[in-house]
Amino acid sequence: MSEADRLAGVAPETLIEMQRRMWLIRKFEEAAARLVDSGELEGEVHLSIGQEGEIVGSCLALRADDYMTGNHRSHGHPIGKGADPAGLMAELMGKATGVCKGKGGSMHLADFSVGSLGESGIVASAIPVAVGAAMSAQIQGNGKVVLSFFGDGAVNEGAFHESMNLASVWRLPIVFLCENNHYAMTVAASDVTAVKQDLAERAAGYDMAGIVVDGQDVVAVFCEVSDAVERARSGGGPSFVEAKTYRFDEHAYRLPVGITYRDPAEVQRWRQRDPIHLHHRRLLAAGLAEETELRRSRLRQEQQSTTPSRSRWRVRYPTCPRCSKTCTPTRSRFAEADRSRPMRHLTYLQAICEAQREEMVRDERVILLGEDIRSNLFGTAGGFLEQFGPERVRNVPMSEAAFVGAGVGAAMTGLRPIVDMLLSSFMYVAMDQFVSQVAKSRYMFGGQADLPVVYRAAMFYGNGEAAHHSDRPYPTFMTVPGLKIAVPSTPADAKGLIKTAVRDDDPVIVFEDGSLWPTKGPIAEEGEALPSGEVPDERDFLVPLGVADVKRAGTDVTVVAIAGSVPHALSAAETLATEGVSVEVVDPRTLVPMDWDTILGSVTKSGRLVIADPAHRTCSAASEIAATVADEAFSSLRAPIKRVTTPDVNIPFSGALEGGLYPTAEKIIAAVRSLNTPAGSRSR
């Protein structure tokens, strides 16, 4: 398209606005550079000076209610979308008045008021989030489009390829915009990328349009991205736009690189194609603007509040779905008066399916994503496709990074996804998404949006699955602030916790013990707790997060049992009762938040503690419980704390080798007997 044709298709007001926004971005970043020089601005600052043309041209192609995501070099993108620079500058300064309340800073800006869903300091990490936002727009039918910004370095990341494929399979309303500034840090893109000419050639592999545009020409970018946006909005699917541009400064401002990796003549050639100067000359030649108009925009350098921001993350204990008040941990999830309620016997797996189905009926925002989800490989979604349709029940490709991140983007933009990981071992493949996006986004972006997403992860061990499929990874995720973690051990808990997790506004991972799937569970003694195979016959049966359950009351020893260890602990308690040892079995049910009041209260009463945990011993949930009890209730202990766990070994395939690794009733009994209980000492 010729210059004249392009100009003819763009309104004069838009042409002038292009210059205003580019100028505003330039002045903002120059001010940020001065603050770095003066020592007032901390942390790394990545300037996009030289890239304003592709930023503004792309953003002006969007509607006000469209979404976008970006990377660490993204000060200009929210400004290009219409954000107030004052809130962005306050964020760079770490102030509570910043758009993210000082929690995100330069590399992690987000301004949900203009559809900026956040920028990532991890290369390519925000691309799956953009895909999720596009899926959300498609499901809700709101006509919104998502623009995903990333650099040339990202096209070699797995998350990029997974996201491109997923977006194309579902024909999502998204535009992938590669800001090809030719260098990933100090490495030339041509040195590390197989495609030497145009990165947009990679679009062909995903059956989508690939467009190359001069990123220094704001009008050319605007026209090409406008076409891609219109294609996406009308149902034509995604596009890949490669804007060839250049950053005039280093990877990070004032970052000493110690080597000369760019030819000074190359830098000078690009500086002669400054997008602001190019467009300035265009406007003057067309008689569309005067110097006074072009100089009108200045950053408002106002004094910002110096109120320090709070940087400590805290678990938000959810409000009780029944009483709308913060739940106080109780010894049992059911009061005496409730035991007469109608009950049904369900297996653990049936309870999970019922919880999902009821929540999807109750709330049309609840969707289900997963591998093999429609084929019902493990029986967790039987009949769901027929009942809820392909929009809300989606098979995903084997691309964990893409669909885990998509859950984040969908949750940020109005849906409440349930993401089935199939096997908990597969979570490691998407570790960056769990740690960098799922766990951190709500906090890092200053709580601008809730993140109501549930990840279901089944743990299969003890079945000859060998090391790659026998993980119990919940201790790993306990170390990541920002996640809530549930480990139900009974059908009733499985149903109630999943339903509560779906309604919670924070990300929740539900680790399901595969050994319990086909069972209705052990039956506790009459009067101790609700029988484990019974589930209340009511649609709004909910189990609050952060409330442990005393599965069996006792006075001599506390056994805190986790997940599949609970049945073994109850069996051990039965045996020990015949020896005169009264064992209290406490099931935390959620590991984050942990109900410390119930655990510490039980240990204070009994004076003895055994922890049964099917995970490995080192850095396990058992280790954390033992450490906290030692800190908080040491004076109540009458014996050392004992842990019954899996040893720190890889899980073998051979049943003869694997069989003796995990906690059993016999191992728990031996641990209790070693504590020299009054009755136990007589029985040995």
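Predicted model: local features only at pLDDT ≥ 70, side-chain atom pairs only at ≥ 80, totals over all residues.
Visitor: What makes Ala124 count as buried or exposed?

Guide: Buried means under 20% relative accessible area, exposed over 50%, and partly exposed in between (1.4 Å probe, protein chains only). Ala124 has 6% relative accessibility and therefore counts as buried. Its phi is positive, about 75 degrees, although Ala124 is not a glycine. Ala124 lies in the loop between strand E2 (116-120) and helix H6 (127-140). Helices (H or I, at least four residues) and strands (E, at least two) are DSSP runs, numbered from the N terminus.

Visitor: How do you know that the buried residues of H10 are on the same side?

Guide: In helix H10 (residues 264-271), the residues Glu266, Val267 and Trp270 are buried. They cover an arc of only 100 degrees around the axis, and therefore lie on the same side of H10. The arc is that of the directions from the helix axis to the C-beta atoms. An α-helix has 3.6 residues a turn, so residues three or four places apart point the same way. The exposed residues Pro264 and Arg269 are on the face of H10 turned away from its buried side.

Visitor: What do the buried residues of H10 pack against?

Guide: They pack against strand E5 (183-184) and strand E8 (239-244). Contact means heavy atoms within 4.5 Å.

Visitor: What makes the pair of Arg416 and Val502 a polar contact?

Guide: A polar contact is a pair of N or O atoms within 3.5 Å; within protein, one must be able to donate a hydrogen and the other to accept it, and residues adjacent in sequence count only if both atoms are side-chain atoms. A polar atom of the Arg416 side chain lies 3.0 Å from the backbone oxygen of Val502. Arg416 is in strand E12 (residues 416-420), and at 8% relative accessibility Arg416 counts as buried.

Visitor: What makes E10 and E12 paired strands?

Guide: Two strands pair if DSSP finds at least two bridges between them. Strand E10 (residues 366-370) and E12 pair in the parallel sense over 5 bridges. Leu369 has Val419 in E12 as its bridge partner.

Visitor: Which strands form the open sheet, and in what order?

Guide: The open sheet has 7 strands in the order E11-E10-E12-E13-E15-E14-E20, with mixed pairing. Strand E11 (393-395) and E20 are the edge strands, as each pairs on one side only.

Visitor: Where is the cis peptide bond?

Guide: A cis peptide bond joins Val592 and Pro593, with omega about -5 degrees. Pro593 lies in the loop between strand E20 (590-592) and helix H21 (596-606).

Methods
Residues numbered from 1 in each chain as written. Heavy atoms only, no water.
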